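Q: I have a structure open and would like to talk it through. Could we go step by step?

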Amino acid sequence: MIRRILSKVVASVAVVVAAASATFLAQLAVPGDRATALMNLQTGQDKKWTAQELAPLNAKYGFDDPIVVQYLHYVTGLFRGDLGTSYTQKRPVAEVIGGQLLPSVTLTVAALAVAWLLALGVTLLTVKRGRILSSLGSAWEALTASLPHYWVGVVLLVVFAVQLRVFPIIGGTSAWGTVLPVLTLAIPLAGFLGQVTRDEFTQVLEQPFVTTARTRGMSDLGVRLRHVLRHAVLPAITLSGWALGALISGAVIAENIFGRPGIGQVLVTAVNTRDLPTVSGIVLVVAAVYVVANLLVDLAYAVVDPRLAR
Amino acid sequence: MSALTLPSTTRVRLPSAGTVLALVVVVLVLVAAIAPGLLIDRSPTAIDLKATLQPPSWQHPFGTDDAGRDLLTRVIYGARQSLGIGLGATGLAFLIAIALGFTAALIGGVVDAVITRVLEVAFAFPALLLALLVIAVRGPSLATEIIAVGIGSAPGYARMVRGQVLAVRQAGFVEAAAALGHPRFAVIRRHLFPNAMRPLVAVVTLGVGQSIVWASGLSFLGLGVPPPSSEWGALLDAGRLHITSSWWLEILPGLVIVLVALSVTALGRTLQNRLGGASR
């Protein structure tokens, strides 16, 4: 087990370094001279600058150094927590991102939890509970799983914030204002997780040990909770690591709809102003979070299925 | 597949009536894309300042926008660009996927190991971020949107293509063709390529629907095709300004996107079942 985890850790570091290489290449791929683009961005002008005028920028950002030196500087910087300097804000990217990380993490973690609750609730209540309930459940899952985040968000906003005025339109980071963004992310994910657990649940309900439990006189709900659930959630746990990617993408959109501070807001602004160090920094932080989350999924798997811990 | 496309385990189980309905929707979208004038005789850019932000009515089934333009007309005329983006992005993604997948599977060894590893990394990226990185480098435009969505969804397809080629290469008829002394390239072209790609036809169909949804998501963030385009995502982006007063500007174009995506997905699933293809 420890060996497996160690090799996973090594692979994870490799993935982050590779991601860093990709973002480094992206920064090089910007058409035109970087120093000129930067100068125009900072002064709001659009012209050719002389070599003397560009020299301080070139020196500051090291644009004159050989590519290999720049690359090594960039990658080693990452391990010191240095993500480069934002072109537009002229502050370290780590600082720009750092302050916005918490609201985004809160949003995604809450959404993952709510999605699991919704998915398990629907599964427990509707699988093999007669034809109508079953097909209602799976229709609901198929529908919600294919809804784009932005549409769910807009519908929730219009119905609950604009028409019914239950929730604030611009929620900020207050708990009450977090409800709609969380649901925006959780509803499509719950549909997706539900489809997977439903298939498993149906199969497990036909296993001999379920019949055994029933003959012991266990109640239907008891069988579902104690014996079936544990088996049925395994594949969905694996998918939760994958789901995080969808959640992060969704968070960018939800933060934008509900005017919620967070990484998504910073990201969209940075893409609009073509502030590549900031975009790259966010991409890397997210890649790192994603990798760590998948490690945790591996551990969770071992907890739910003790056979894997050996 | 990472976030850019819905996973292929997403199942839309529709009865045949649903399939017919899906077919009708897809045909309507195709007509709208090829000859929008057949469906409606208004102009998508006709401004009527006396009828701005009108809610849906018999005269304007989808309402009007802040310049008094008929929203339904704009949605119909936007079909060409949205469908174009979906087809273009999926096409690009599959070109990349075929190039990488075939190279990896046929050459094998170190090349295969490197490509597989790179694909794994690209896969680990939430694909929206990959797409946003492309937009940050190139600046927003129609071409950028196609490239961004295409690159974002390519890694998943490449893994499927590689798997398919590896599987088909073991088949008896490929060995037989090679044993009969056919040149290697002819075997690849005549036997390997068509048989490896056939099960992926359904995946392509699904990919178009997913690409449309994804591209409209980018446009929704204001990072897609710049105005005055009536591409569906651009309509959503423009409508956000009036969301507190005019819900139809957001909800109705969004509903069209959802319907089209669902229909394309349903048809893709039907195709998949008919062709008996593996998904991944």
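Predicted model: local features only at pLDDT ≥ 70, side-chain atom pairs only at ≥ 80, totals over all residues.

Q: How many helices and strands does chain A have?
A: Chain A comes to 13 helices and 0 strands. Its pattern along the sequence is accordingly written as α-α-α-α-α-α-α-α-α-α-α-α-α.

Q: And how many in chain B?
A: Chain B has 10 helices and 0 strands.

Q: What share of the residues is buried?
A: In chain A, 49% of the 310 residues count as buried. In chain B, buried residues make up 55% of 280.

Q: Which atoms supply the surface?
A: Chain A exposes about 14700 Å², and carbon and sulfur atoms supply 67% of that area. The accessible surface of chain B is about 12000 Å², with 68% belonging to carbon and sulfur atoms.

Q: How many charges are there?
A: Chain A has 24 positive and 16 negative charges, whose mean positions are 11 Å apart. Chain B has 20 positive and 12 negative side chains, and the centres of these two sets lie 14 Å apart.

Q: Changing topic: which residues of chain A does UniProt list as "transmembrane region"?
A: The unreviewed UniProt entry lists residues 105-127, 139-162, 174-193, 233-258 and 278-304 of chain A under that name.

Q: What does the model show for residues 105-127 and 278-304?
A: Residues 105-127 of chain A are 96% helix and 0% strand, and the end C-alpha atoms lie 32 Å apart. Residues 278-304 of chain A are 100% helix and 0% strand, with 39 Å between the end C-alpha atoms.

Q: How many residues are in contact between the two chains?
A: The contact involves 46 residues of chain B and 50 residues of chain A. The area buried between the chains is about 4000 Å², and carbon and sulfur atoms give 76% of it.

Q: Which residues of chain B lose the most area there?
A: They are B:Leu129, B:Leu133 and B:Val137, which together account for 14% of what the chain B side buries.

Q: Where does B:Leu92 lie?
A: B:Leu92 lies in helix α2 of chain B, which covers residues 71-107.

Q: Which residues is B:Leu92 in contact with?
A: Beyond its neighbours within four places in sequence, B:Leu92 is in contact with B:Ile146, B:Ile147 and B:Gly150. B:Ile147 is 55 residues away along the chain, yet its C-alpha atom is 7.3 Å from that of B:Leu92.

Q: What is phi for A:Arg165?
A: A:Arg165 has a positive phi of about 55°, although it is not a glycine. This residue is found in the loop between α7 and α8 of chain A. A:Arg165 counts as exposed because its relative accessibility is 67%.

Q: And B:Leu53?
A: Phi of B:Leu53 is near 50°, again a positive value in a residue other than glycine. B:Leu53 sits in the loop between α1 and α2 of chain B. At 25% relative accessibility, B:Leu53 counts as partly exposed.

Methods:
Residues numbered from 1 in each chain as written. Chains lettered and ligands numbered in written order. Heavy atoms only, no water. Helix = DSSP H or I, 4+ residues; strand = E, 2+ residues; numbered from the N terminus. Buried < 20%, exposed > 50% of the residue type's maximum accessible area, 1.4 Å probe, protein only. Areas by Shrake-Rupley, 256 points an atom, 1.4 Å probe, with all protein chains shown as cover. Lys, Arg positive; Asp, Glu negative; His and termini not counted. Charge placed at Lys NZ, Arg CZ, Asp CG, Glu CD. UniProt positions renumbered as here; feature names shortened; annotations may be inferred. Contact = heavy atoms within 4.5 Å. Buried area = accessible area lost by both parts, 1.4 Å probe.
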